[in-house]
Amino acid sequence: MLPPGIPSSELRLISKGKTASRDEPLSDQQSCKDMSVMLLFREGFHVAAEGARWMAEKGEELAQAEARLMSLSKRVEANFSDAETSLQLTEVAGFIDTLLQSVDSVRVNSMKLPQMEELRNRAMKADERLKELRKTVRF
């Protein structure tokens with residue numbers, strides 16, 4: 001009956017003008033044949049849903065940035081770095097810096113917090129690797 005993928009703690013059923021609890025039936029068969037029930041989302045649910053969507057998108061972008069960083073790392077280690085390499089490192093650094101700042105301000109529900117922490121840790125590792133690469137880039 002409930003929308004799939006949404007924890008029941010995020011929903012509220014209102015029947016007969018009050019919030020229905022889990023243990024009480026919505027109606028007995030003798031009292032009425034028709035009944036109105038409202039399904040409401042808890043406050044902040046949609047903000048948390050947008051945060052979860054943002055987290056998924058940024059996770060994919062971070063994976064692309066990590067792959068790009070690995071490619072640039074191989075180029076730097078092979079002493080094939082040039083001005084283009086430095087520019088690409090700066091672009092990746094800009095994305096990672098923005099991501100690290102945004103992770104703290106995006107709201108997600110408590111079930112998504114471990115995934116958000118994983119995203120933050122991946123971004124921090126990429127930032128550390130980026131700083132190491134910037135030290136070794138020579139022109």
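Which residue takes a positive phi in the hairpin of S1 and S2? Lys16 does, with phi near 55 degrees, and the hairpin has two residues between the strands.

The model is predicted: local features need pLDDT of at least 70, side-chain atom pairs count only at pLDDT 80 or more, and totals for chains, interfaces and linings use all residues. Residues are numbered from 1 along each chain as its sequence is written, and side-chain values use heavy atoms, with hydrogens and water left out.

**View 1. The open three-strand sheet, in the order S2-S1-S3.** Pairing in the sheet is antiparallel. Strands are DSSP runs of E of at least two residues and helices are runs of H or I of at least four, both numbered from the N terminus; two strands pair if DSSP finds at least two bridges between them. Strand S2 (18-19) and strand S3 (37-41) are the edge strands; each has a single partner strand, so one side of each is left without a neighbour in the sheet.

**View 2. Ser15 and its partners in S2 and S3.** Strand S1 (residues 11-15) pairs with S3 in the antiparallel sense over five bridges, and Ser15 stands opposite Val37 in S3. Two bridges join S1 to S2, also antiparallel. In S2, Ser15 has Lys18 as its bridge partner.

**View 3. Phe45 in helix H1.** Phe45 has 12% relative accessibility and therefore counts as buried (buried is under 20% relative accessible area, exposed over 50%, partly exposed in between, with a 1.4 Å probe and protein chains only). Leu11 and Phe45 are 34 residues apart in sequence, with a C-alpha to C-alpha distance of 8.8 Å.

**View 4. The packing of H1 (residues 45-77) against H3.** The axes are 10 Å apart, at an angle of about 25 degrees, which makes H1 roughly parallel to H3. Axes are lines fitted to C-alpha atoms, for helices over the stretch in contact, and angles run from 0 to 180 degrees between N-to-C directions; under 35 degrees counts as roughly parallel, over 145 as roughly antiparallel, 65 to 115 as roughly perpendicular and the rest as oblique. The contact (heavy atoms within 4.5 Å) includes Trp54, Leu62 and Glu66 of H1 and Leu119, Arg122 and Leu130 of H3.

**View 5. Asp127 in helix H3 (residues 113-136).** Asp127 counts as buried because its relative accessibility is 13%. Not counting residues up to four places away in sequence, Asp127 touches Ile96, Asp97 and Leu100.
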